[in-house]
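Here's a quick briefing on a few local features worth a look.

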Amino acid sequence: MSEGPDVSVTPIPPELQGKVTITSLDKIYNWGRRNSVWPMFFGLACCAIEMICTAASRFDLSRFGMEIMRPSPRQADLLIVSGTVTKKMAPQIVRLYDQMAEPKYVLAMGACASGGGPFKEGYNVVPGIDQFIPVDVYVPGCPPTPQALLHGLIHLQHKIDGQSLREVAWYRRETAAEVPLPLLGPDLINPGQAGLLRERAAQASAQGGAASPTLPSS
C-alpha cells in the first residue's frame, strides 16, 4: 500500500470546496472503529457496578458509540475486566479473550484487575490480568468511578487513532496464535512461561534439588 499524498497540504479546487473532503484510508478506517467499539458485559466484583453506571443517562456511554454491551465474546471488540480476578476465574477470561475476533482490545478496570489490588498477596488472586492476556488500557482506582472508565475509553480511542492498516497484526499473513489457557491445579500455571519454569527447575536441580522452581511474582 503506497503512502499516498499528504492530505494536510493537498489543495482542493475552489469549485469543490465544501463538497469534497480529502483524508487518508487510515483515518477513515479508524474513525469508524473508534466510534463503534462493542464492550463485553463481564463484571467480576464491585468495579462492575461502576461499569454499569456508565450506561446510565447521567454518563451517557452512547456518546462514544459503546453503549451496546454484548453478552458474547464473538460479538465484542473490547473486554473490560472489571473486578478481582481469582485463579479459578483467570482461565475463563483467557478463553473468552481467545474467542473474540480481531481487532480486539482489553481494558483492566480497577486495582484488582490491574495488579491484584488489596488481595495481591492472597493465595487465590491473580496479581494482574496482564500476566495472561495483553492489556491496552489500565484504569486505576478501587473501585474507579464511571468518569475514570470513560477517561480510559477515551485513551483507547486515542490508541485506535494511532494505528495503521500497514502495521496492525490482524492484517498480517501469519495467523495469530491463541493465548494458552492457564492450568488450574494446586496453583495457577501459565503455559506461556513454560520455558522459564524449565530454567528454574534446572537451576534448582543444579543446586541439589533443595528448592522447588517458582515463578516470579509481579
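In which loop does Pro 103 lie? Pro 103 sits in the loop between α3 (90-99) and β3 (105-109), where helices (H or I, at least four residues) and strands (E, at least two) are DSSP runs numbered from the N terminus. Keep in mind that this is a predicted model: local features need pLDDT of at least 70, side-chain atom pairs count only at pLDDT 80 or more, and totals for chains, interfaces and linings use all residues. Residues are numbered from 1 along each chain as its sequence is written, and side-chain values use heavy atoms, with hydrogens and water left out.

- Most residues other than glycine have a negative phi, and most peptide bonds are trans.
- The peptide bond running from Glu 102 to Pro 103 is cis, with omega near -5°.
- There's also a cis bond from Cys 142 to Pro 143, with omega near -10°; Pro 143 belongs to the loop between β4 (137-139) and α5 (146-161).
- Asp 60 isn't a glycine, yet its phi is positive, near 55°.
- You'll find Asp 60 in the loop between α2 (47-53) and β2 (78-82), and at 29% relative accessibility Asp 60 counts as partly exposed. The cut-offs here: buried means under 20% relative accessible area, exposed over 50%, and partly exposed in between (1.4 Å probe, protein chains only).

- Which residues of helix α1 (residues 25-34) are buried? They are Asp 26, Asn 30, Arg 33 and Arg 34.
- Looking down the axis of α1, these buried residues fall within an arc of 90°, so they line one face of the helix; the arc is that of the directions from the helix axis to the C-beta atoms.
- An α-helix has 3.6 residues a turn, so residues three or four places apart point the same way.
- Leu 25 and Trp 31 are exposed, on the face of α1 turned away from its buried side.
- The buried residues of α1 pack against β3 and α5, with contact meaning heavy atoms within 4.5 Å.

**How α1 meets α5**

- The α1 and α5 axes are 9 Å apart and the helices pack at an angle of about 155°. Axes are lines fitted to C-alpha atoms, for helices over the stretch in contact, and angles run from 0 to 180 degrees between N-to-C directions.
- α1 and α5 are therefore roughly antiparallel to each other, a label for angles over 145 degrees.
- On the α1 side, Asn 30, Arg 33 and Arg 34 meet Gln 157, Ile 160 and Asp 161 in α5.
- By class, that contact of α1 with α5 has 1 nonpolar, 2 polar and 3 charged residues. Here Ala, Val, Leu, Ile, Met, Phe, Trp, Tyr, Cys and Pro count as nonpolar, Asp, Glu, Lys and Arg as charged, and the others, Gly among them, as polar.

- Thr 54 is in the loop between α2 and β2 and counts as buried, at 0% relative accessibility.
- Leaving aside residues up to four places away in sequence, Thr 54 touches Phe 59, Asp 60, Leu 61, Met 69, Pro 146 and Leu 149.
- Arg 74 is also placed in the loop between α2 and β2, but Arg 74 counts as exposed at 59% relative accessibility.
- Glu 102 counts as partly exposed, at 40% relative accessibility.

Notes
Angles under 35 degrees count as roughly parallel, over 145 as roughly antiparallel, 65 to 115 as roughly perpendicular and the rest as oblique.
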